[in-house]
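Please keep the sequence and the 3D view open while reading.

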Amino acid sequence: MKKVLLLTLLVLYTGTVFPSFAQTDSYLKNRILVEGLYLRNLGNFSQVWSTAAGAYVGYSIAFPAHNLLMMRTGFISNSLRDNTEIEDASLTIIPLEIGGRYYFTDSRLMPFFQFINGLNIIFENINLEGEKEDKTLVKYSWQVGVGLTINLTDNFNVDLGANYQSNFYEKEAMNTGFEYVFGIGFTL
Amino acid sequence: MKHIHNSKLILTFILLVTTSQLNSQSNSYSYFNSKLLENSNSVISFNNHELKNTSVAFQNSLAFKNNSNQKWGSVNLPPELLNDDFKSWESEKHFWIGVGEIAILEFIPWALAKWIRHWEDPADNWANVSSDTWWRNLSNGWEYDGDNFETNNFAHPYHGALFFNAGRTNGYDFWESTAWALTGSAIWEFFGETFRPAFNDWIYTGVGGVNLGEITYRLSSMVTDNTASGSDRMWSEIFGTLINPVRGFNRAISGEMGQNFPNPEWSRPDDFLITFEAGTRSIDKDGDKTYTDREVEGLFTFNLIYGNRFKAKKPFEYFNFNFGLASGLPHFTTMNSSGFLFGYDLDNKKHRLDVNLDFNYNNLIKEQYTEIDTLYKGFLFGSTQIYPHLLSRFPIGSKTNLVTQFGVNGILMGATPNDYYVDVEGRVYDFGPGVGTRIVAAIQNGIWNYVSLFYYGAWIWTQSEPSDSKHHIHYLVLEAQYPLTSYFSVGFSAGIYWRNSYYENFPDVTKNHPIGRFFFRTAIIDI
């Protein structure tokens, strides 16, 4: 773990400091973005499914100098709370989402505000009451957050983000939570 | 959000603007029937201004001064005294000013509820927020609330229009300002009330606010004349501020109210029309197909068309807006608008593929009290929706055109009655997204629509509790009118609203509400 952290810091430092990575007019460009995520669920939903992990892959269209239109999909797998004794329970989600980012600056370090929404295709084999039942649901997803894009080169960037989500699931158990993401982007 | 009732305020704005225009503009004799169908689920006006002889229109136009040679406004200062180098407030972004204004707009209604409003049971005070209620709201997430139709479908969009203008009048463009409306609304929903955040509020405030916000932004910019001075200037600033208080505030703090500089070119549209209707409406209340429980009432409608829909390129360069008051209850019965978002000219202004943002408020539901119960008769329909459509114009004579629309009603959030449910807070209707079709056809001759046909249909899938229903609604109207003079017409319309509601736990319901109208229509302003 320490090696990974050190390597990450080295990459970030190198990309930020060395001028050999020449800058173009704008860092805001069309991008492919691949992100890993970790979710801490909240509320009644979290009493059963406490955390989640997964990945997004998406394509983004730039509208200089501040805006990015994002489309993404991915895979998210929820984890049961430790004290829940249910075998083979699973709740996985495939998100289909569209949204945008507002970048406050157009520079090597670009803080942003992000909103994204769409549909979650939810596959579950157990409900919140613990009853076994294979079911596929389609529910609205809603997420807002902030983050930082670090442009290591003209064509390669690292993203860090923290988001709050309030996805629909059940009236008394919405799929709310805080999400932390780490991603890499490639300019096309 | 349960706090704003601004109908009187809005009505005052509109009347003031209308009055101001009337006082200074009395020579308009060209009339264009922009409004097809009163009480329709969408304003569906056809703008055929471009058919007019523009030079005649210029001469007859009702600018702010009769002796003005310009189509718009009155320059009562010598041009050399205008400060051409003046940098307007909106030419630069003012992020923190906008944030401060959002905070003020959140604080005022919250403070009124917290400290001014009298609560019989203080525990009901939804403004008693704390870190605990914030965390609870974040943890529990969205729900659908139980507010009445007026609060959810009018007060919230108006509040959203103010949020929108915190961005729009601080240098942000239309699309960027949508984020201000949605963010302002989300902040209120999660942190301004003890209630769980209401998803329907967020849509109506955020998206409905964009629609009303851009309309008030453009109307305010139109009536404000930067080149005027003296009392002309004072009144133009007052009217502009009444229409859009946030813009007026920014003009005050930036000093623009006291500067003379050119008006932005976009602020004076190619075409602009206001019409007024007075007449009667007959509606069958119980919806049982017999047309025996009908109610006749007076109906007064204000209609506005901004821009030319066949020329629009930027968001809301064309929009239409109507506002209706009835003599019977509820008095505030309709408010519909439709604004151009983006589109493509397919065939030299004969065929266009456009996408509009629509807002609909149609409240024709009547409460009837019996000894044991309260009955809700009539119907209502509200929505904020996207409307992609094909707009076409087919010449059928030297001056006559058949203008058609065929499109999809993409309802982001719709409201339609539930026959079995009354919420403790007053909601008698269901919320949900929907989709349907809209077909419009009108025969136009010069400035008149002689005959028009309108159909609106939509499925709405209920998402609010109880979410055990779906609704299929239809509205069909045929309208005809005849011009008695060049600026005055008489007409009638006959239509029917019908609804098929399907419930999982109760018997299905079908309602039919025939509607008839007779009206006189006059053009107040035509530029």
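## Strands and barrel

Two strands pair if DSSP finds at least two bridges between them. Helices (H or I, at least four residues) and strands (E, at least two) are DSSP runs, numbered from the N terminus. The model is predicted: local features need pLDDT of at least 70, side-chain atom pairs count only at pLDDT 80 or more, and totals for chains, interfaces and linings use all residues. Residues are numbered from 1 along each chain as its sequence is written, while chains are lettered from A and ligands numbered from 1 in the order in which they are written.

Phe454(B) stands opposite Val477(B) in E10(B). Strand E9 (residues 448-461) of chain B pairs with strand E10 (residues 469-485) of chain B in the antiparallel sense, over 11 bridges. In chain B, 12 strands close into a barrel, in the order E1-E2-E3-E4-E5-E6-E7-E8-E9-E10-E11-E12, with antiparallel pairing. Neighbouring strands of this sheet are turned by 20° against each other on average, direction ignored. Helix H5 (residues 149-168) of chain B packs on the sheet and touches E4, E5, E6, E7 and E8 of chain B. The direction of H5 makes about 140° with that of E5(B). Axes are lines fitted to C-alpha atoms, for helices over the stretch in contact, and angles run from 0 to 180 degrees between N-to-C directions.

## Chain and domains

The secondary structure of chain B comes to 9 helices and 12 strands. Of its 527 residues, 48% count as buried (20 or more other C-beta atoms within 10 Å of a residue's own; exposed is 12 or fewer, partly exposed in between). Contact requires C-beta atoms, placed from the backbone, within 7 Å. Of the contacts in chain B with a separation of 6 or more, 68% join residues 24 or more positions apart.

Chain B divides into domain 1 (35-64 + 270-526) and domain 2 (93-265). Those bounds come from an automatic or database domain assignment. The C-alpha centres of the two domains of chain B lie 26 Å apart. Their contact takes 30 residues from domain 1 and 22 residues from domain 2. On the domain 1 side, strands that each supply at least two residues include E3 (319-326), E4 (332-345) and E5 (351-369) of chain B. That side has 18 nonpolar, 8 polar and 4 charged residues. Here Ala, Val, Leu, Ile, Met, Phe, Trp, Tyr, Cys and Pro count as nonpolar, Asp, Glu, Lys and Arg as charged, and the others, Gly among them, as polar.

## A helix pair

Helix H8 (residues 230-243) and helix H9 (residues 245-254) of chain B pack at about 135°, with axes 5 Å apart. H8(B) is therefore oblique to H9(B) (under 35 degrees is roughly parallel, over 145 roughly antiparallel, 65 to 115 roughly perpendicular, the rest oblique). H8(B) contributes Glu237(B), Gly240(B) and Thr241(B). H9(B) contributes Pro245(B), Arg247(B), Gly248(B) and Arg251(B). By class, the contact has 1 nonpolar, 3 polar and 3 charged residues.

Where is Arg196(B) found? Arg196(B) is in the loop between helix H6 (174-192) and helix H7 (199-223) of chain B. Arg196(B) is buried because 20 other C-beta atoms lie within 10 Å. The C-alpha atoms of Arg196(B) and Asn137(B) are separated by 5.2 Å, though the two are 59 residues apart along the chain. Leaving aside neighbours within four places in sequence, Arg196(B) is in contact with Asn137(B), Asn140(B) and Glu143(B).

Methods
Two residues are in contact if their C-beta atoms, placed from the backbone, lie within 7 Å.
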